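Hi,

Here is the structure I promised to pass on to you. Have a look at it first, and then read on for what turned up when I went through it.

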Amino acid sequence: MVKRKKKNLMKNKDRISDLPDSLILHILSFLNIKQAIHICILSTRWKNLWKYVPTLTLIGSQFTTIKIFIEFVSRILSLRDNSTNLYTLRFRSSNLTEPSLVETILNYAVSHKVQLLDVYIKCDIQHFPTCLLSCRSLTSLDLCFSHPTVYGTTIMFPSSLNMPLLTRLYLRHFAFRAGNDGRVDPFSALTNLKSLTMVYCKVAGAQNLCISSTKLVNLYIHMNHYARETYFGMELYAPSLCTFVFSGIPVEKLSWSKCNVSSIKRVSIDIIEFWKSSETSLILLDWLSELANMESLIISSTALKVLSLVPNLLVELPSLCNLKSLKVEKRQISPMIPDGIVDILIQNSLSPKVYIID
């Protein structure tokens, strides 16, 4: 009887409460701050642990009004342990956000040595946040400021950033201002940048964007396919570039340095809309010629349809001798793959793996 009682006591023991604080803090870092506070209420020992979590996730849509959200954020920032550095800040809100609140949150993150910053909000902000211009602790930066009323409105990106540790940069809805020579080179000071993603970005006056980075490995460009007039020229100087991903309409003014071309092994090209244009098809052919050294190609059925418009494609297409993998992704707008074009792409390759993805 005594043994059975001891066994039941062991079975009902609260083992979670015995976990060390370090492990509880790690678990809390996967939750947004509102959830973390609710969890900490469950135990008197945990009630203040949320103040020491190195990750802060703020979700504006969890609150009924912006006023309540502002009051909540103000209280969180004032109560959080001031000596604890902030490793990660995620700030997301589909509701309209006050610029002053954005400034408060970002200033707090920078002053607490934030390393990973992810901001995706709806806000009528006019300029790039000044507190981020020289954030020397950042290693990863994701920024998307969408305008509350005017779709496609962009924020001007600074001419340069002083972020010596930054390795990953994601930008959405930003514009670059070209100089008197018609060029802008905004990433050259980011000496450790390895991954760059630009979504719906543009150059003021549709001039040339220069992407020069000696350590850049991955480049992802997603253009606004509905506004071809916003397209700009690109000059790539990235000798370590290995992955090139493009979505939109191929731009004619894409200048590759010779050292770039030989290093690019993985390529993905998606033309979201079917453009029945011989000019576009020839540009796409030129891209494949420049990237002929690639080992992996992911291409959409729409892009293949555009490529099929090239006269005498069988002769004009370069030899993709190093191609080991070809994936064709079908698009709803143009799901049909032109007859024989896959065979043309792999005609000089040594038994590459071919995948058709619906």
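**Ser300 and its strand**

Ser300 is buried, with a relative accessible area of 1%. Before you read too much into that, keep in mind that this is a predicted model. You will find Ser300 in strand β17, which covers residues 296–300. Leaving out residues up to four places away in sequence, Ser300 touches Ile269, Asp270, Ile271, Glu329 and Arg331.

**The twelve-stranded sheet**

So where does β17 belong? It is part of an open sheet of twelve strands with parallel pairing, in the order β1-β2-β3-β4-β6-β9-β12-β14-β16-β17-β18-β19. The edge strands are β1 (55–59) and β19 (353–357), and each of them pairs on one side only. On average, neighbouring strands in this sheet are turned by 5° against each other, ignoring direction. Helix α4 (residues 66–79) packs on the sheet, where it touches β1 and β2 (88–96). The direction of α4 makes about 170° with that of β1.

Asp118 has Asp142 in β4 as its bridge partner.

Further along the sheet, have a look at β14 (residues 243–247). How many of its five residues are buried? Five of the five are, so to speak, under cover. Side chains in a regular strand alternate between the two faces of the sheet. In β14 both faces are covered: Thr243, Val245 and Ser247 are buried on one side, Phe244 and Phe246 on the other.

The strands on either hand are these:

- β12 (residues 218–222) runs parallel to β14 and is joined to it by five bridges; Ile221 stands opposite Phe246.
- β16 (residues 266–270) also pairs with β14 in the parallel sense, over five bridges; here the bridge partner of Phe246 is Ile269.

Ile269 is also one of the residues that Ser300 touches.

**The three-stranded sheet**

There is also an open sheet of three strands, in the order β5-β7-β10 and again with parallel pairing. Its edges are β5 (155–157) and β10 (202–204); each has a single partner strand, so one side of each is left without a neighbour in the sheet. Neighbouring strands here are turned by 45° against each other on average, ignoring direction.

Strand β7 (residues 174–177) runs parallel to β10, and three bridges join the two. Phe176 stands opposite Val203 in β10.

**Phe176, the core and the aromatics**

Phe176 is worth a click of its own. Setting aside neighbours within four places in sequence, its contacts include Met156, Phe157, Leu171, Val184, Pro186, Phe187 and Leu209. In soluble globular proteins, nonpolar side chains tend to be buried together. Which residues touch the most other members of the largest nonpolar core? They are Leu169, Phe176, Phe187, Phe244 and Leu307, out of 107 residues in that core. The largest share of the core, six residues, comes from α5.

Phe176 and Phe187 turn up again in an aromatic cluster, together with Phe128, Phe145, Phe157 and Phe174. The count of aromatic pairs comes to twelve. Two lysines also sit over rings: Lys34 lies over the face of Phe63, 4.6 Å from the ring centre, and Lys327 over the face of Tyr355, at 5.6 Å.

**Two buried loop residues**

Thr97 is in the loop between β2 and α5 (99–111). Is Thr97 buried or exposed? Buried, with a relative accessible area of 1%. Apart from residues up to four places away in sequence, Thr97 touches Ile66, Phe91, Val102, Ile121, Lys122 and Cys123.

Leu216 lies in the loop between β11 (208–212) and β12, and is buried with a relative accessible area of 1%. Not counting residues up to four places away in sequence, Leu216 touches Leu193, Lys194, Ser195, Leu196, Ile211, Ala238, Ser240 and Leu241. Leu216 and Arg168 are 48 residues apart in sequence, yet 9.3 Å apart in space, C-alpha to C-alpha.

Cheers

Note on methods
Residues are numbered from 1 along each chain as its sequence is written. This is a predicted model: local features need pLDDT of at least 70, side-chain atom pairs count only at pLDDT 80 or more; totals for chains, interfaces and linings use all residues. Side-chain values use heavy atoms; hydrogens and water are left out. Rings of Phe, Tyr and Trp (its six-membered ring) pair if their centres lie within 6.5 Å; planes under 30 degrees apart count as stacked, over 60 as edge-to-face and the rest as tilted. A charge sits over a ring if NZ of Lys or CZ of Arg is within 6 Å of the ring centre and within 35 degrees of the ring normal. Two strands pair if DSSP finds at least two bridges between them. Helices (H or I, at least four residues) and strands (E, at least two) are DSSP runs, numbered from the N terminus. Axes are lines fitted to C-alpha atoms, for helices over the stretch in contact, and angles run from 0 to 180 degrees between N-to-C directions. Contact means heavy atoms within 4.5 Å. Buried means under 20% relative accessible area, exposed over 50%, partly exposed in between (1.4 Å probe, protein chains only). A nonpolar core is a set of buried Ala, Val, Leu, Ile, Met, Phe, Trp, Tyr and Cys residues joined through side-chain atoms within 4.5 Å.
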